[in-house]
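Here is a short briefing on one protein model. Look it over first, then work through the points below.

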Amino acid sequence: MSKTYFVVRATVADPAKRRAFDEWYSREHLPDATKAFGVKKARRFWSAGDPALHLAMYEFADQAALERATGGDALKALVAEFDRCWPDVTRTREVLVLAEEVG
């Protein structure tokens with residue numbers, strides 16, 4: 001079983017909204033998602049090459065744990081809240097399975 005990551009890629013196109021988005025994600029969404037998914041590790045990133053690109057990464061023990069956490073109402077509630085707060089922020093989701101870890 002390999003660690004599996006749920007990655008949400010969001011594009012905050014309006015530079016004037018990035019600070020508010022960053023604060024909301026940090027104070028509200030990331031803690032809510034971490035609790036809802038039952039993960040111990042969650043990370044957020046802003047792209048150094050594209051200042052509009054925000055990534056959130058949630059670490060799961062394996063793909064089955066990710067599927068249990070994201071397959072029910074928890075994800076639906078988080079998506080609905082995101083859509084309500086940030087209707088103009090587009091996003092995609094990706095599931096990554098760890099192939100190798102060094103160090």
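How do the residues of the lining of the largest cavity divide into nonpolar, polar and charged? Ten are nonpolar, one is polar and two are charged. Keep in mind that this is a predicted model.

**The cavity**
- The structure holds one cavity of 30 Å³ or more.
- The space in the largest cavity comes to about 120 Å³.
- Its lining is made of 13 residues. Nearest the centre lie Val 8, His 29, Leu 75, Leu 78 and Val 79.
- Strand E1 (4–11), helix H1 (18–37), helix H3 (73–85) and strand E4 (90–97) each give two or more residues to this lining.

**The helix pair H1 and H3**
- Two packed helices are described by the angle between their axes and the distance between the axes.
- The axes of H1 and H3 come within 10 Å. They cross at roughly 170 degrees.
- Angles over 145 degrees count as roughly antiparallel, so H1 is roughly antiparallel to H3.
- On the H1 side, the contact includes Phe 21, Trp 24, Tyr 25 and His 29.

- Strand E2 covers residues 41–46, and strand E3 covers residues 53–60.
- The two strands pair in the antiparallel sense, over six bridges.
- A hairpin of six residues joins E2 to E3.

Notes: Residues are numbered from 1 along each chain as its sequence is written. This is a predicted model: local features need pLDDT of at least 70, side-chain atom pairs count only at pLDDT 80 or more; totals for chains, interfaces and linings use all residues. Side-chain values use heavy atoms; hydrogens and water are left out. On a 1 Å grid over the protein atoms alone, a cavity is a set of points where a 1.4 Å probe fits but cannot get out, and a pocket is an open set with protein on both sides within 12 Å along at least five of seven lines; lining residues have an atom within 4 Å of a point. Grid points are joined across faces, edges and corners, and a volume is the space filled by probe spheres set on the points. Helices (H or I, at least four residues) and strands (E, at least two) are DSSP runs, numbered from the N terminus. Ala, Val, Leu, Ile, Met, Phe, Trp, Tyr, Cys and Pro count as nonpolar, Asp, Glu, Lys and Arg as charged, and the others, Gly among them, as polar. Axes are lines fitted to C-alpha atoms, for helices over the stretch in contact, and angles run from 0 to 180 degrees between N-to-C directions. Angles under 35 degrees count as roughly parallel, over 145 as roughly antiparallel, 65 to 115 as roughly perpendicular and the rest as oblique. Contact means heavy atoms within 4.5 Å. Two strands pair if DSSP finds at least two bridges between them.
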